[in-house]
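Please read it alongside the model.

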Amino acid sequence: MGVVEPWSQGHSDMRLCRTCRGQADRKPLPGCTEPKHQQRYETKRELNNQYRRQRRSDARSTGTVYRGGRGNPDRKAQRERERHQQIREVLFERLGVHVCSECGFPDKRALHFDHVNGGGRRHRKSLPSGSAYYRALMNMSLDELRAAFQVLCANCNAIKREEREEWRWRHASEVAAQEDEGLPPSS
Ligand SMILES: [Zn+2]
Ligand SMILES: [Zn+2]
């Protein structure tokens, strides 16, 4: 028997399935064919449910109120920040890119996930929150994600946006000029 390749790699939250590049503890991403990923996800979910049931029944027997970790808003905000960072890390990992694709800028605080063909702002606005946007990205299959997104720094992102605007403006004025001359629009 040869050496069996592990189905996932990485540590704790950054442990990713080698097949779909999704987080090992979370739901396998669309198109994942690794049975161990599904298994791990179900085991984890079952353990979480057990823990929650146990906490709830403990709370009931001691007469305290079970809050499921929702008691402290500061802690909640902190957890959300951490989760946000973690999701970004996973997205960098899944794209296999950790620097700006244009200029190589490496500081992740200023890196964005940019829609290759534009429309990012519309996509973002169609969703209720920033975290929903990241969740939508997280639920894409690897091929989908890699085809639609690239990593750009804030500068290159702004320059790209500016150039697209410029192009749109020039295109519109050319069409208008042709109409003025009574020509049919060419495009
Ligand atoms: Zn998987
Ligand atoms: Zn850049």
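The protein contains 6 helices and 4 strands, with helices (H or I, at least four residues) and strands (E, at least two) taken as DSSP runs numbered from the N terminus. Along the sequence these elements follow the pattern β-β-α-α-β-α-α-α-β-α. The radius of gyration is 23 Å, well over the 16 Å that the globule rule gives for 187 residues, so the protein is more spread out than a compact globule. That radius is taken over C-alpha atoms, and the globule rule is 2.2 Å times the number of residues to the power 0.38.

This is a predicted model, in which local features need pLDDT of at least 70 and side-chain atom pairs count only at pLDDT 80 or more, while totals for chains, interfaces and linings use all residues. Residues are numbered from 1 along each chain as its sequence is written, and chains are lettered from A and ligands numbered from 1 in the order in which they are written.

**Confidence**
- Mean pLDDT (the predictor's confidence in each residue, from 0 to 100) is 86, and 96% of residues reach 70 or more.

**Extent and domains**
- Along the principal axes, the C-alpha atoms fill a box of roughly 85 × 55 × 30 Å.
- Domain 1 spans 9–62 and domain 2 spans 99–180, with bounds from an automatic or database domain assignment.
- The centres of domain 1 and domain 2, taken over C-alpha atoms, are 32 Å apart.

**Helix pair α2 and α4**
- Helix α2 (residues 73–95) packs against helix α4 (residues 130–138) at about 30°, with the axes 10 Å apart.
- Axes are lines fitted to C-alpha atoms, for helices over the stretch in contact, and angles run from 0 to 180 degrees between N-to-C directions.
- The contact (C-beta atoms, placed from the backbone, within 7 Å) is made by H84, I87, V90 and L91 of α2 with S131, Y134, L137 and M138 of α4.

How values were computed. Two residues are in contact if their C-beta atoms, placed from the backbone, lie within 7 Å.
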